[in-house]
Each structure stands twice: as structure tokens, then as C-alpha cells.
Amino acid sequence: MLQDKFMQAWETQRERGDKNASLFMALFNTFGGYYAVGAFFKFLYDTQQFVSPLLLSAIIDYLNTKDGDDDNPTYLWPGTQKARGYFIVFLMFLNATSQSVFLHIYFHHAFRSGMRIKSVMIST
């Protein structure tokens, strides 16, 4: 299965005619796609790291406003003050939860790729 796929990629490297067949390229051709999916989730996690301070700033602005002050330009969504507060808190919860899920998926893909590479290198 994995060993056959790796051996096919390794033979492709050896058939190129170079004296220096690249082990890295054979491993990349075998496992690169699976690891790239994990890297995409890491990118999503890193992107959400930038959203957290923005949401924190929004909740601080919300807490600093008075109940009758509805013309605060920092709020772009309609609704009452209370609804705005709940919406910001919901976004903070959603952001933290999805960050946790995305980081878990990334680590799962990274560790699984590492174990697959290790098993292929030992069995070959």
C-alpha cells in the first residue's frame, strides 16, 4: 500500500537519469498531499489568531459604551446593544472552538504523516 506507492515514486526518481535521486521528492510525491491538507488547517488556525484581538477589542468597546449610545461607529451590525454584546460573545466562542478544532486536525495530519514516513522508511 504505502510502501508500494513510495517505491513507485522512488523508481520514478531513479529513472530520471540523475545520479542524485531525491529521497525528499519521493517522500513529497508520496505524502505531500496528505500533509498539505493539514497545512491548510494550520493556515486557517493562524488566520483566526488575528481575529481574536479584533473580537476582544470589539467586546471592550461594547463594554465601554453606555446603553443609549447607539451611534458608535465601531459596530457594523444592526440591533440593540444587548444583541450586539451577545453576538460578539458568540463570535468569540465560535472563533475559539474552531481554532481548537483546526489545530487538532493539523496535528493529526502532521503526526500521521510522520508515522507514515517512518513506517515506509523502516519497511523499505
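**Figure 1. The nonpolar patch around Leu94.** Phe87, Phe90, Phe93 and Leu94 make a nonpolar surface patch of about 420 Å². For patches, residues need over 30% relative accessible area and no salt bridge; nonpolar side chains (Val, Leu, Ile, Met, Phe, Trp, Tyr) are joined within 5 Å, and like charges within 9 Å. Areas here come from the Shrake-Rupley method with a 1.4 Å probe, and for residues only the protein chains shown count as cover. Leucine 94 sits in helix α3, which spans residues 81-123. Its relative accessibility is 43%, so leucine 94 counts as partly exposed (buried is under 20% relative accessible area, exposed is over 50%, partly exposed is in between; 1.4 Å probe, protein chains only).

A quick word on the model: it's predicted, so local features need pLDDT of at least 70 and side-chain atom pairs count only at pLDDT 80 or more, while totals for chains, interfaces and linings use all residues. Residues are numbered from 1 along each chain as its sequence is written, and side-chain values use heavy atoms, with hydrogens and water left out.

**Figure 2. The whole chain, for orientation.** Helices (H or I, at least four residues) and strands (E, at least two) are DSSP runs, numbered from the N terminus. The chain averages a pLDDT of 85, and 88% of the residues score at least 70; pLDDT is the predictor's confidence in each residue, from 0 to 100. Among the elements, α3 has the highest mean pLDDT (92) and α1 the lowest (85). Of the 124 residues, 25% are buried. The chain exposes about 8800 Å², with carbon and sulfur atoms supplying 67% of it. Take the contacts between residues at least 6 apart in sequence: 61% of them join residues at least 24 apart. Contact means heavy atoms within 4.5 Å.

Figure 3. Side chains of opposite charge can pair when their charged atoms come close. The structure holds two salt bridges, each being a side-chain nitrogen of Lys or Arg within 4 Å of a carboxyl oxygen of Asp or Glu. Here glutamate 11 pairs with arginine 14, with the closest N and O atoms 3.5 Å apart. Both residues lie in helix α1 (residues 2-14), three residues apart, or about one turn of the helix. Glutamate 11 counts as partly exposed because its relative accessibility is 30%.

Figure 4. Glutamine 99 lies in helix α3 and is buried, with a relative accessible area of 10%. Its side chain makes a polar contact with the side chain of glutamine 49 at 2.8 Å. A polar contact is a pair of N or O atoms within 3.5 Å; within protein, one must be able to donate a hydrogen and the other to accept it, and residues adjacent in sequence count only if both atoms are side-chain atoms. Not counting residues up to four places away in sequence, glutamine 99 touches Tyr45, Gln48, Gln49 and Ser52. Glutamine 48, found in helix α2, counts as buried at 15% relative accessibility. Leaving aside neighbours within four places in sequence, glutamine 48 is in contact with Asn95, Ser98, Gln99 and Phe102.
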